[in-house]
Amino acid sequence: MHSPVVVLNDSLNRESGSRVHHANIQASKAVADIIRTTLGPRSMLKMLLDASGGIVVTNDGNAILRELDLAHPAAKSMIELSRTQDEEVGDGTTSVIVLAGEMLHVAEAFIDKRFHPTVICRAYSKALEDAIAVLDKIAMPIDVNDRVTMMELVKSCIGTKFTSQFGDLIADLALDATTTIGVDLGQGLREVDIKKYIKVEKVPGGQLEDSKVLKGVMFNKDVVAPGKMRRKIINPRIILLDCPLEYKKGENQTNAELVREEDWAILLKMEEEYIESICMQILKFKPDLVITEKGLSDLACHYFSKAGVSAIRRLRKTDNNRIAKACGATIVNRPDELQESDVGTGAGLFEVKKIGDEFFAFVDNCKDPKACTVLLRGASKDLLNEVERNLQDALSVARNILKNPKLLPGGGATELTVSATLKQKSQSIEGIEKWPYEAAAIAFEAIPRTLAQNCGVNVIRTMTALQGKHANGENSWIGIDGNTGAISDMREQKIWDAYNVKAQTFKTAIEAASMLLRIDDIVSGIKKKQAPGSTPSKPTIEQEGEADNEQMIPE
């Protein structure tokens, strides 16, 4: 009898074969079940306590999963899904998880029947291609400049969120902001950079109705010398600098030995003259407002206030970029290189206001601003955070539509159409792949089914009626009205989704499900370092993600 050969270290756990598949599928289903109730307009909110004791109350799939601390590696990769979705398209974070969970759930039956995972994955990717083809077929183009349609669209995308009770407010803000900063690149392409050029300022106090999109920017700063400098300037000439207006100290430490006392006076005078010359170079252009990202010495401040120029110092670089975009100024690096073209004249008003107990400077009423600030007001911090999250989603949706102006029906109608078409197609598929393909078709129904569950209607009857309506791939606009649970035409209800949100959801969900199905071995308990004093054991090969320890894999 041969003695057994030990390949892996004793401290390592190795799971392989179907146990891994089951564990992964269970974990993913658990994640999907956490999120499931937050899909649709009748969704529940989740309340999470984070590490520092703060509360997050939200129903945004990504926000919830971001806060959760999970142990199981498969569950972790599910969380990545909603992150990707949020970064890519900004909406559909919940549907991705629900769909991926369902895809894995239907695959479980095949794994029990000893289907090979690659067969299932092949069928899934075929189903994905056909699903995208169906989306292309039923998508309906839309005119970006038609404000009413755009409003309806953004509203249906945030209808599932907490702020839907404030009606058009958030949709309005999002549309205003994205249309303001859109830049035409020619060839029908539009670039809308939400991250760089839209700043959301949350100021507690006031009511939500006071929120607005400024035709310019605001930032949390006051002028340098509040008594002496003007706080309200109409049609200001703005100069933006990113160099300090104070005497330059040498880079390295220098010691100067002075023999006579007059030399000291000369040194000081040189400093003063240097600052004076800089200020004069700037004042040559008759600015009304000088903003610098770096420091501004008392002396410079004196020259500016004498000339009646307001100055603001130590501004963030990102804010400075936004001001430049808004009023048409160029950020200048050295005062001696200033030109007339660098002065920003596009702003209609500069004003410092006190909101709550902080001072905010506004550069407002710009002629053609390419950057803007959304000012959110509301009763409490928690409320504002939730409103900001919804606004981010709304902005992404508006951006997506500006980039790719095509619509799909919401309310589960798209998924049902895809499901019906795939079921028909599955008849013509030969060989063993037919069954997983059909299962994928059925998995798409998870979304309308969850919608129906969250409305509290009779799920089985509703689903049967919907499947009947969709049976031959027609009536692709019939879906569930998420508020009442009634079956209705999505065109009349104005429940729409953006094309690239849906397409991205399907792609991400199916690709992730395939990836998790392909895992057939989990090695855990990998140690990073040896404890001091213990005998070194054989080296082990480290896997990616040192996060998974012994107790991860449920036995």
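User: Before we start, what counts as a helix here?
Analyst: Helices are DSSP runs of H or I with at least four residues, numbered from the N terminus. Keep in mind that this is a predicted model.

User: Got it. So where does M270 sit?
Analyst: M270 is in helix α9, which covers residues 261-283.

User: Is M270 buried, exposed or partly exposed?
Analyst: M270 counts as partly exposed, because its relative accessibility is 43%.

User: Which residues make the nonpolar surface patch with M270?
Analyst: That patch is made by L258, W264, I266, L267 and L268 along with M270, and its area is about 540 Å².

User: Switching to cysteines: how many disulfides are there?
Analyst: Zero, going by a search of the whole structure.

User: OK, rings now. How many aromatic pairs are there?
Analyst: Two. One of them is F110 with F115, a tilted pair with 5.0 Å centre to centre and 50° between the planes.

User: Are F110 and F115 buried or exposed?
Analyst: Both are buried.

User: Which lysines lie over a ring face?
Analyst: K353 lies over F362, 4.7 Å from the ring centre. K406 lies over the face of Y499, at 4.4 Å from the ring centre.

Definitions and conventions
Residues are numbered from 1 along each chain as its sequence is written. This is a predicted model: local features need pLDDT of at least 70, side-chain atom pairs count only at pLDDT 80 or more; totals for chains, interfaces and linings use all residues. Side-chain values use heavy atoms; hydrogens and water are left out. A disulfide is a pair of cysteine sulfur atoms within 2.5 Å. Patches are made of residues with over 30% relative accessible area and no salt bridge: like charges are joined within 9 Å, nonpolar side chains (Val, Leu, Ile, Met, Phe, Trp, Tyr) within 5 Å. Accessible areas come from the Shrake-Rupley method with a 1.4 Å probe; for residues, only the protein chains shown count as cover. A salt bridge is a side-chain nitrogen of Lys or Arg within 4 Å of a carboxyl oxygen of Asp or Glu. Helices (H or I, at least four residues) and strands (E, at least two) are DSSP runs, numbered from the N terminus. Buried means under 20% relative accessible area, exposed over 50%, partly exposed in between (1.4 Å probe, protein chains only). Rings of Phe, Tyr and Trp (its six-membered ring) pair if their centres lie within 6.5 Å; planes under 30 degrees apart count as stacked, over 60 as edge-to-face and the rest as tilted. A charge sits over a ring if NZ of Lys or CZ of Arg is within 6 Å of the ring centre and within 35 degrees of the ring normal.
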